[in-house]
Amino acid sequence: MRERLARGVAFLAAALLVLLALAFARVQNPAPRAPGAGAAAVPADMRRVLVEAGRAVYQAQGCARCHSIAGSGNPRYPLDGVGARREAADIRRWIMGAGEAEGRLPAGVRRAKQAYRKLPRRDLDALIAFLETLRN
Amino acid sequence: MKDIASPVFWILLYLALVAAPLLVLLAGPTPPGAGRWWDFSMALGFAGIAVMGVQFALTARFRRASAPFGIDIIYYFHRYMAVIGFGLLAAHYAVVRGAYPAALGPLNPVQASGYMSAGRTALVLFGFVLVTSLWRKPLRIGYDRWRVWHVLLTTAAFLLAVAHIEGVGYYARGWLWTGYTLFWVFLVVYVRLLRPWRMLNEPYRVVGVRPERGQAWTVTLDPDGHPGLRFAPGQFAWLTLRGSPFRFGEHPFSISSSAARSPRLEFTIKELGDFTRTIKDIRPGETAYVDGPYGVFSVDRYPRAPGFVFVSGGVGIAPVMGMLRTLADRRDARPLLLVCANARWEDVIYREELESLRPRLDLTLIHVLQEPPPGWAGEHGFVTGALLQRVLPANRAELEYFLCGPRPMSETAQQALHAMRVPLARVHFELFDMV
């Protein structure tokens, strides 16, 4: 009898938690999102090599832990279209947690981003060149 | 009304504690949606760690919170919730793994960021603890060693999981997780320091250790400089012998002495494992510590019952004896039936005392022996439905039943009683031996 009560409360707790999790997912995402844009276009210009190097930096630094491109990676902060929204200098400040970003990022994230100030200049430039190609 | 209000209050409090992080997430400001699967996965992770955060409270032996249910059932619930909590955490990982593999980053801890490795390690540790707890006996892990590692590993896993949440950063409500962590720390301090300290100030003295039939020993304790504890007959306590209460050295045993003759306590303990084998070496004058009483296995919970039936197997007679002695001391006139199962006639614990209780109680005593001596005219074999059918009185559906013995005996008796239309709510037993 008492085990029935215990099992009942356990299943009730599990059901309540899963329902709340579903509710949270729904409240956060009222309408299904448009499918992500296709793979980032790589302009066939002189910057092509730099952009490819930047893509490698993006992968090596594990940017996808917190960001996504075309649906690949952490969808919380998608980078799709970032090249259209922000200037190169602005992107640089956001990568390094400086300027406007410094005030708007949570403390832990700011610390993580400020660690990128130690990136070699060449890598940082390549990364920014790559991000600038993300225009849709 | 009060009887129902109290359990409902504790159940609601539990549900509120495990749901709190999700309710806070739902109510509070959150970053914009990142896709249903992603947000679902994050919420599952919070739900799982909230369940884990409250697990320690379930086993902290809060007498007031456990009293309405019986502490054995709280441990049983702890076990269920461990599986559910781990399931939620595993689902959190699985959804991200399936839908957003790139977000996980590298597995190699040298390349991975610290908080991602912390999350992975926490999941593995929780899984390890779950397996070593559910299958402790088949894995041949000693109880005392298991207990120490259980606390250490779950604490480490919980702290790593909180570090993972803080590291991800975006959803963290700093105060919320600090709160859960402080709650955990408070419980550790309470269970490991405050309560042992209180026990240290209320020691007991061993008055005697006497042999019983069936390789069992009865330890008698008197409180030393304090009034002792008040208990209901049939309850049990955690007993520490030859050790400080600050060590993980206590074991649960039924109180077999009369509740009407407190403060003296007696525990009858059968030699079964490493700890119980040392009981016979205890000497009068040694110090002991008692944490209790616990449990709902007591005739005192059913003051209006017209009569009681006890079914005991082997040393399972100990709490039943506590109830019989108490009823005798109170001159209780209600009809009692004891079905007392043992392997051999020579091993029947309290054999002589049970006889001597007969004139003081309206007691029908039925011995059931697996290996009866030559010429035995009584019941033999196991406790079966047919046997109960034969010996139970006509008003069987109105009586309260107390089962204490090996699990197969207890389960057979339950099924038989159910088949005889005895309401399940009248059949009582402790769930022990779970890990």
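## Interface between chains A and B

In this predicted model, the contact between the two chains takes 52 residues from chain B and 41 residues from chain A. The area buried between chain B and chain A is about 4,100 Å², and carbon and sulfur atoms give 71% of that area.

Two salt bridges are found across the interface of chain B and chain A. A:Arg76 and B:Asp39 form a salt bridge in which the closest N and O atoms are 2.9 Å apart. Eight residue pairs are in polar contact between chain B and chain A, counting pairs with both residues at pLDDT 80 or more. On chain B, helix H1 (2-27), helix H2 (36-58), helix H4 (71-99) and helix H5 (114-134) each supply at least two residues of the side that touches chain A. H1(B) gives the largest share of that side, nine residues. Sorted by class, the side of chain B that touches chain A holds 41 nonpolar, seven polar and four charged residues.

## Six-stranded sheet of chain B

Chain B has an open sheet of six strands in the order S10-S9-S8-S7-S11-S12, with parallel pairing. Its edge strands are strand S10 (379-380) and strand S12 (427-429) of chain B, each of which pairs on one side only. Helix H11 (residues 407-419) of chain B packs on this sheet and touches S7, strand S11 (400-404) and S12 of chain B. The direction of H11(B) makes about 160 degrees with that of S11(B).

Within the sheet, strand S7 (residues 308-313) and strand S8 (residues 335-342) of chain B run parallel and are joined by six bridges. B:Phe308 has B:Leu336 in S8(B) as its bridge partner. In general, strands of a sheet pair through backbone hydrogen bonds, either parallel or antiparallel.

## Three-stranded sheet of chain A

Chain A contains an open sheet of three strands, ordered S2-S1-S3, and the pairing is mixed. Strand S2 (72-73) and strand S3 (77-78) of chain A stand at the edges; each has a single partner strand, so one side of each is left without a neighbour in the sheet.

Strand S1 (residues 67-69) of chain A pairs with S3(A) in the parallel sense, over two bridges. In this pairing, A:His67 stands opposite A:Tyr77 in S3(A).

## Salt bridges

Over all chains, a search of the whole structure finds 34 salt bridges. One pair within chain B is B:Arg205 with B:Asp224, whose side chains meet in a salt bridge at 2.3 Å, N to O. This pair links distant parts of the chain, 19 residues apart. B:Arg205 belongs to strand S1 (residues 204-212) of chain B, whereas B:Asp224 is in the loop between strand S2 (216-223) and strand S3 (236-241) of chain B. Side chains of opposite charge can pair when their charged atoms come close.

## Backbone geometry

Most residues other than glycine have a negative phi, and most peptide bonds are trans. Two places in chain B are listed here against that background. B:Gly292 and B:Pro293 are joined by a cis peptide bond, with omega about 0 degrees. B:Pro293 lies in strand S6 (residues 287-294) of chain B.

B:Arg140 is not a glycine, yet has a positive phi of about 55 degrees. B:Arg140 is placed in the loop between H5 and helix H6 (143-168) of chain B.

Note on methods:
Residues numbered from 1 in each chain as written. Chains lettered and ligands numbered in written order. Predicted model: local features only at pLDDT ≥ 70, side-chain atom pairs only at ≥ 80, totals over all residues. Heavy atoms only, no water. Pairing = 2+ DSSP bridges. Helix = DSSP H or I, 4+ residues; strand = E, 2+ residues; numbered from the N terminus. Contact = heavy atoms within 4.5 Å. Axes fitted to C-alpha atoms, helices over the stretch in contact; angles between N-to-C directions. Buried area = accessible area lost by both parts, 1.4 Å probe. Salt bridge = Lys/Arg side-chain N within 4 Å of Asp/Glu carboxyl O. Polar contact = N/O pair within 3.5 Å; in protein donor to acceptor, adjacent residues only side chain to side chain. Nonpolar A, V, L, I, M, F, W, Y, C, P; charged D, E, K, R; others polar.
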